[in-house]
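Subject: Structure handover

Dear colleague,

I am passing on the structure we spoke about, with notes on what was found in it. Please look at the sequence and the model before reading further.

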Amino acid sequence: EKSKERQGQQLVIATVSISTTLINNQDSAVQGYVGLEIKDETSREPIILKQRDSITLFPKESRIHNWTNLTLPRAIQLWWPHTMGEPKLYVVRVQFTAKAKTTKEQSNEQDVISDVDEWRAGIRTISTSIDKKIGGRVFSVNNQRIFIQ
């Protein structure tokens with residue numbers, strides 16, 4: 001497919017990393033699954049569904065869970081500063097589902113969604129370097145130099 005004229009509308013294959021903090025406030029261990037979903041903000045079409053990373057959280061435990069180097073399965077639009085293109089956003093949703101505690105008496109219990117967090121995010125690359133020619137620091141967004149006042 002042809003690239004569009006504006007930088008913000010060029011489609012690229014992206015690799016992302018996302019972190020979330022999982023907290024068990026209970027006095028007993030919790031077993032469950034943590035899932036990740038990224039959707040296009042406009043169409044709400046899923047871009048990636050990363051489900052069922054099995055987790056056991058011990059009593060009062062707080063832990064960072066990472067999804068690293070996830071290559072999105074289709075091309076997406078990058079986020080750009082408003083002066084350089086479209087600030088394209090995606091909806092990121094993280095969900096923890098507690099595994100049902102099954103006993104002989106309660107064998108038909110169902111898994112329960114324990115917590116859901118959802119936010120909007122832009123996908124972009126930001127970098128900085130020292131340019132000896134100008135004697136200062138250079139900032140780039142998506143490999144394009146930007147001017148910061």
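Which residue in S8 is the bridge partner of Ala98? It is Val112. Please keep in mind throughout that this is a predicted model.

Strand pairing

The pairing of S7 with S8 is antiparallel and runs over 9 bridges. S7 covers residues 90-98, and S8 covers residues 112-121. On S3, residues 30-40, S7 has another antiparallel partner, and 9 bridges join these two strands. One of the pairs here is Lys39 with Val91, the latter in S7. S7 is mostly covered, with 8 of its 9 residues buried.

Lys99 sits in the loop that links S7 to S8. Leaving aside residues up to four places away in sequence, Lys99 touches Gln31, Gly32, Tyr33 and Asp111. Between the C-alpha atoms of Lys99 and Ile113 the separation is 8.8 Å, and these two residues are 14 apart along the chain.

Largest pocket

The volume of the largest pocket is about 540 Å³. Its lining is made of 26 residues, and those nearest the centre are Ile23, Leu57, Phe96, Ser114 and Asp115. At least two lining residues come from each of S2 (15-23), S3, S7 and S8. Of the contributors, S8 gives the most, with 6 residues. Sorted by class, the lining holds 12 nonpolar, 9 polar and 5 charged residues.

Second largest pocket

For the second largest pocket the volume is about 340 Å³. It is lined by 23 residues, with Ala14, Val16, Leu78, Ile123 and Arg124 closest to its centre. S2, S7 and S8 each provide at least two residues of this lining. Here S2 gives the most, with 4 residues. The lining of the second largest pocket divides into 13 nonpolar residues, 9 polar and 1 charged.

To go back to the strands, S7 pairs with S8 and with S3, and S7 supplies at least two lining residues to the largest pocket and at least two to the second largest pocket.

Regards

Technical notes: Residues are numbered from 1 along each chain as its sequence is written. This is a predicted model: local features need pLDDT of at least 70, side-chain atom pairs count only at pLDDT 80 or more; totals for chains, interfaces and linings use all residues. Side-chain values use heavy atoms; hydrogens and water are left out. Contact means heavy atoms within 4.5 Å. On a 1 Å grid over the protein atoms alone, a cavity is a set of points where a 1.4 Å probe fits but cannot get out, and a pocket is an open set with protein on both sides within 12 Å along at least five of seven lines; lining residues have an atom within 4 Å of a point. Grid points are joined across faces, edges and corners, and a volume is the space filled by probe spheres set on the points. Ala, Val, Leu, Ile, Met, Phe, Trp, Tyr, Cys and Pro count as nonpolar, Asp, Glu, Lys and Arg as charged, and the others, Gly among them, as polar. Buried means under 20% relative accessible area, exposed over 50%, partly exposed in between (1.4 Å probe, protein chains only). Two strands pair if DSSP finds at least two bridges between them.
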